[in-house]
Structures are given as structure tokens and as C-alpha cells.
Amino acid sequence: MTAAYSPVEELNLLKDFQDRVGYENFARGFGLTEFADHSGLVAGWSQDPGFTGRLLPFAQATGGGSFYALWRVDDREDLATLPVVVFGDEGGEHVVARHVRELFQLLGFDEEISVEHAKAYFYRDEDEPHTDCHDEYVAWLDRHFGLPVATDPDAVLAAAQAEFGERFADWIRPFLP
């Protein structure tokens, strides 16, 4: 196990899997990056320590530069239970999953997230081939967590937005220009 990657056991397991099968090779556009590297936040959003101190970036969300972060919505100890947010390479920031395992289910949809100012969404053309190690990822997700892939990512996004979306928007507003 790559325990040094992060303090989140689930992400450490995914890092081990990624190290074995390759970056972007099991979920289109996705790859774990240096845990808690704030350079993207500072460059594109805010340098305020009140902002960066509540976010833990951990993964590329798209090949274009969007990225995922854990949002410290509160002081819970289990970081895997924090909401997952996405920051778009052309702007837009949204809650996309209520916790890490829910993001893992979204990754099983095997398509990059689209991030706009008003919303984030997944779209997959039914003729689009899966990434090379998609089937291995689906088996990994079931073996480690007993979870299926998200067949309706819109429902997952809607649930995350319903629980945390307004709160996140209210929290982030003072930090954005």
C-alpha cells in the first residue's frame, strides 16, 4: 500500500491501483496527482489561507486541467467522508460527490466531467469505447468497496448538490473575484 500518498485510505488504495494500470487508463481524464498541492487553487482561484486551508486537491478531473479536491465542510476526522468538489479549467466550481466512494462510482462511468460556470455534468456517447483498464477498475471497485459504477451520474451529482451545493456556493463566494 502507498500509505505515504495521503491520509485517506481509499485514495491510497486507488493510488496503488493507478500505479499498476496507469494514469488516465481506467477513467477517462482522471489521474491522482500530488495530494494537497494547492498550486492550482492559488493560481486560478484564491491565495487566501481561509480558502486553501479548507481544500485538499488530489486529482486531475480532465485532460484540460480541471481538478478534484476534498472540501473540509467541517472538522470531521475521516477525510474520505468529505464532499468532493471540482474546479473547472475554464472556471466553475461545484460539489460533485458527497464522499470519496461516491466519486469512485462516478469514475466508473468512464468519461471526463464537463465543468461549466453554471453546472458540472457527465456525458458519454454510447459508442465511445471504454479506457483500457475500465473492466479492471469496475472489478477493483466491487472487490474493495462492494460498489457498482454510477449508471446515472446525473443522479449522483444531484444528490451531492442537494446536500452540499448551496452551502459550498455560500462558502466559496467571498473568496472569488
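Visitor: Which strands does H4 lie across?

Guide: Keep in mind that this is a predicted model. H4 lies across strand S2 (55–60), S3, S4 and S5, and it runs at about 90° to S5.

Visitor: OK, and in what order do the strands of the open sheet come?

Guide: There are five strands, in the order S1-S2-S3-S4-S5, with antiparallel pairing. Strand S1 (31–32) and strand S5 (93–97) are at the edges with a single partner strand each, so one side of each has no neighbour in the sheet.

Visitor: How many bridges are there between S3 and S4?

Guide: Four bridges, connecting strand S3 (residues 67–71) with strand S4 (residues 84–87) in the antiparallel sense. As an example, tyrosine 68 has valine 86 in S4 as its bridge partner.

Visitor: Switching to loops. Where does serine 66 lie?

Guide: Serine 66 is in the loop between S2 and S3.

Visitor: Buried or exposed, that serine 66?

Guide: Buried: the relative accessibility of serine 66 is 2%, and the cut-off for buried is under 20%. Setting aside neighbours within four places in sequence, serine 66 has contacts that include Ala59, Phe87, Asp89 and Val115.

Visitor: Now the loop between H4 and S6. What about phenylalanine 109, buried or exposed?

Guide: Phenylalanine 109, which sits in that loop, is buried too, at a relative accessible area of 15%. Beyond its neighbours within four places in sequence, phenylalanine 109 is in contact with Phe122, Tyr123, Arg124, His130, Val149, Ala150, Thr151 and Pro153.

Visitor: What's the C-alpha separation between phenylalanine 109 and aspartate 152?

Guide: It's 8.4 Å, for two residues that are 43 residues apart along the chain.

Visitor: And aspartate 110? What's the nearest side chain of opposite charge?

Guide: That's arginine 28, 4.4 Å away. Aspartate 110 is buried but has no salt bridge, because a salt bridge needs the charged atoms within 4 Å.

Visitor: What does the side chain of aspartate 110 reach, then?

Guide: The backbone nitrogen of arginine 28, at 3.0 Å. So with arginine 28, the side chain of aspartate 110 has a polar contact to the backbone, since the cut-off there is within 3.5 Å.

Visitor: Which other residues are in contact with aspartate 110?

Guide: Leaving out neighbours within four places in sequence, the list for aspartate 110 includes Phe26, Ala27, Arg124, His130, Thr131 and His134. Aspartate 110 belongs to the loop between helix H4 (100–107) and strand S6 (113–115).

Key:
Residues numbered from 1 in each chain as written. Predicted model: local features only at pLDDT ≥ 70, side-chain atom pairs only at ≥ 80, totals over all residues. Heavy atoms only, no water. Helix = DSSP H or I, 4+ residues; strand = E, 2+ residues; numbered from the N terminus. Buried < 20%, exposed > 50% of the residue type's maximum accessible area, 1.4 Å probe, protein only. Lys, Arg positive; Asp, Glu negative; His and termini not counted. Polar contact = N/O pair within 3.5 Å; in protein donor to acceptor, adjacent residues only side chain to side chain. Contact = heavy atoms within 4.5 Å. Pairing = 2+ DSSP bridges. Axes fitted to C-alpha atoms, helices over the stretch in contact; angles between N-to-C directions.
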